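Q: I have a structure here and would like to go through parts of it with you. Could we take it piece by piece?

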Amino acid sequence: MAGRPKKPTALKELEGTARPDRTNPNEPKPARGASPPDYLEEDQKRDFLSLAREFNACNLLTVLDAPALAMFCELMSDYRDLKAIIKEKGMLVDHVATGGFTVQKLNPVAPQLNKTRDQILTLLREFGATPAARSKVSTVQDIDSGTDPLDDYLKNKGL
């Protein structure tokens, strides 16, 4: 598919730009909420549950979004690890050149850090979670409902 990826209907509705003539009437409507996959590490699961709470508050998270949110949590863990390496060794590292003299080169971890940062930003945009994406979203608060849907979901799952 060429061009810009289609924006999810949920984001269009929150932004107030949804139009019946541009909405797929047969679009799947997966169940709300998501639980963290078993393969995530403990810190990644904490990130997952924290973000799931925020996305659920905006009615943006469904069970089909769990893999994307899990990838985001894995990328955040990788990003923290890469940042720790750069903090420990520095952005420039010593390298012995061909003539036997020492030169400073960019830490080989730096390009991976930049790539991971770009992947994180891409996933944040997918969820409407960057300042620019969020500025286009307006939410409607349901004042009649005194319960948080994520709390209800987590209680039902025994989490």
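Q: Where is the place of R19?
A: This is a predicted model. In it, R19 lies in the loop between α1 (9-15) and α2 (42-57).

Q: What distance separates the C-alpha atoms of R19 and T9?
A: They are separated by 9.6 Å, the two residues being 10 residues apart along the chain.

Q: Turning to α3, how far apart are its end C-alpha atoms?
A: They are 35 Å apart. Helix α3 covers residues 66-89, and its 24 residues at 1.5 Å a residue should span 34 Å, so the two values agree.

Q: Which residues are buried in α3?
A: The buried residues of α3 are A66, L69, A70, F72, C73, L75, S77, Y79, L82 and I86.

Q: Why would residues three or four places apart point the same way?
A: An α-helix has 3.6 residues a turn, so residues at that spacing face the same way.

Q: What covers the buried residues of α3?
A: The cover includes α2 and α4 (110-126).

Q: A change of topic: which residues make the nonpolar surface patch?
A: M91, L92 and L106 make the patch, which is about 280 Å².

Q: Where is L106 found, and how accessible is L106?
A: L106 belongs to strand β2 (residues 102-106). L106 is partly exposed, with a relative accessible area of 49%.

Conventions: Residues are numbered from 1 along each chain as its sequence is written. This is a predicted model: local features need pLDDT of at least 70, side-chain atom pairs count only at pLDDT 80 or more; totals for chains, interfaces and linings use all residues. Side-chain values use heavy atoms; hydrogens and water are left out. Helices (H or I, at least four residues) and strands (E, at least two) are DSSP runs, numbered from the N terminus. Patches are made of residues with over 30% relative accessible area and no salt bridge: like charges are joined within 9 Å, nonpolar side chains (Val, Leu, Ile, Met, Phe, Trp, Tyr) within 5 Å. Accessible areas come from the Shrake-Rupley method with a 1.4 Å probe; for residues, only the protein chains shown count as cover. A salt bridge is a side-chain nitrogen of Lys or Arg within 4 Å of a carboxyl oxygen of Asp or Glu. Buried means under 20% relative accessible area, exposed over 50%, partly exposed in between (1.4 Å probe, protein chains only). The expected span of a helix is 1.5 Å times one less than its number of residues. Contact means heavy atoms within 4.5 Å.
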